[in-house]
Amino acid sequence: MEPPKISATQFTIIVILFTIGSSILIIPSGLAAASEQDAWIAGIVGLSGGLLVILLFNALSKQNPTLTLLESCEVTLGKGLGKALSLIFISFFFMLASTVVWDLVNFLTTHILVKSPVEVISILFISLVIFATRLGLETIVRCGEIFFPWVIGLFFLWMLFSIPDVKFTNLLPVMEDGVKPIWNGATLSMSIPYLQLIVFLMISPAIRSKKTGKSLFLGTLVGGLILLTITFACLLVLGVNETIIQSHPSYVLGKKISFGNFVQRIEVIVAIIWMLTIFFKLVVLFYASTMGFAQVLGVKDYRILTFPLGIILLVLSLVVFPNDTYANEFASTSWIPYSFTICIILPLLLLLIAKVKKKAHKV
Amino acid sequence: MWQIIGLCVAIVAIVLFERPLLKNHKKDRWIFSITLVIAFNLSMAQILGYSLPTPFDVITILFKPAQFLFQ
């Protein structure tokens, strides 16, 4: 198969959609639970930490610009060790994909399709993802280009309508319990959208221009600012307590909006943004894990793996979290050290080994 | 019952659909069959109501010692 080719703008757009996807409804509640009314400070710290991690990813991709993350693992560490490390990365992508499916299904069965069976929604959505993955990366990013203006436009509309309900007293008192809650919130917000961007190291060799690092950075910055705005809006309009209680505070924010007693109940706008962005997040994750699996096993055409992996993803998404409480508990405790290990420590080690190897070759 | 029939029909349909891609590659055929058998077994277990373990239990055990850094 021919390697896909995408442009830098398309890459930025898909990074933005990935960053917003699935975090848009979850992160305000998680951040508020961790650091209460200082959630916005934690969001800012998390975004700056995320941008630092992006610099690390860029440095790693500069070592072997033409190879994906898993291929450069094999080049740096040799065949056996490289394949073992690749499997760890693939399992991270795949489990992340299953949690994304779970998030989507959980949201739909709580708020919109209350009586539908879970399996039907998952099967429909995963079939769509398999279809998109089989069509290839170029089709996915072009589709992203079409939907991007809609996401941004609806987002601005939503934020505009929520301005009249803003109460700045909700933010007080600032830093009541010191720095510790902010650290909790910052690590959570780093691990939920920003560290997951390591998946783009699987795609970055497909970009035609040389400005891969710049577009990854820009995309993360824009997506992070959007997430920050949403956290702000939830805190300012709903207040701390309601943001913590709701599992999807942004959706409730959409319900609350009443613009001049005329524009009301615009929660479907929020649901549209969520559905579009989560689709791209899931497609990118599924594409990366299928491609990675194909590379590790030495399969000629990655498309033959889409159906079997899709079925496994379906089963995994049904069993991954037994209930809501487990999911919240897991996301705020074990998930953070897990993603820090996979997305910071392992890439740092890879980078160090690659640098040492290059120096040894020169001498 | 109808879930099992549906699953079998889906598996047969997938095999028929993928046949042109698998024609000339022996290794691909093996990998495809093995992954599809794993997928079939997992979904069969899910349909028959066995409680499959979640992989996150393992991660919780592995990363419990490091949690204090982020609390």
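Author: A word on terms before we start: buried means under 20% relative accessible area, exposed means over 50%, and partly exposed lies in between, using a 1.4 Å probe and protein chains only. This is a predicted model, where local features need pLDDT of at least 70, side-chain atom pairs count only at pLDDT 80 or more, and totals for chains, interfaces and linings use all residues. Residues are numbered from 1 along each chain as its sequence is written, chains are lettered from A and ligands numbered from 1 in the order written, and side-chain values use heavy atoms, with hydrogens and water left out.

Reader: Is A:Cys234 buried or exposed?

Author: Happy to take that one. The relative accessible area of A:Cys234 is 0%. Because buried means under 20%, A:Cys234 is buried.

Reader: How many disulfides are there over all chains?

Author: A disulfide is a pair of cysteine sulfur atoms within 2.5 Å. By this rule, the count over all chains is zero.

Reader: What area do chain A and chain B bury between them?

Author: The size of an interface is often given as the accessible area lost when the parts come together. Here buried area is the accessible area (1.4 Å probe) that two parts lose on being put together, summed over both. Carbon and sulfur atoms carry 73% of it, and the area for chain A and chain B is about 3,100 Å².

Reader: Which helix of chain A gives the most to the side that touches chain B?

Author: Let's start with charge: a salt bridge is a side-chain nitrogen of Lys or Arg within 4 Å of a carboxyl oxygen of Asp or Glu, and the count between chain A and chain B is one. Several helices (DSSP runs of H or I, at least four residues, numbered from the N terminus) each supply at least two residues of this side of chain A, including helix 5 (79-112) and helix 15 (335-362). With nine residues, the one that gives the most is helix 13.

Reader: Which residue of chain A forms a salt bridge with B:Glu18?

Author: The closest N and O atoms of this pair are 2.8 Å apart. B:Glu18 lies in helix 1 (residues 2-22) of chain B and its partner in helix 6 (residues 118-135) of chain A, so the pair joins two chains. Both residues are buried. The partner is A:Arg134.

Reader: Which residue forms a salt bridge with A:Asp301?

Author: A:Asp301 is buried, with a relative accessible area of 8%. The closest N and O atoms are 3.1 Å apart, and the partner is A:Arg303.
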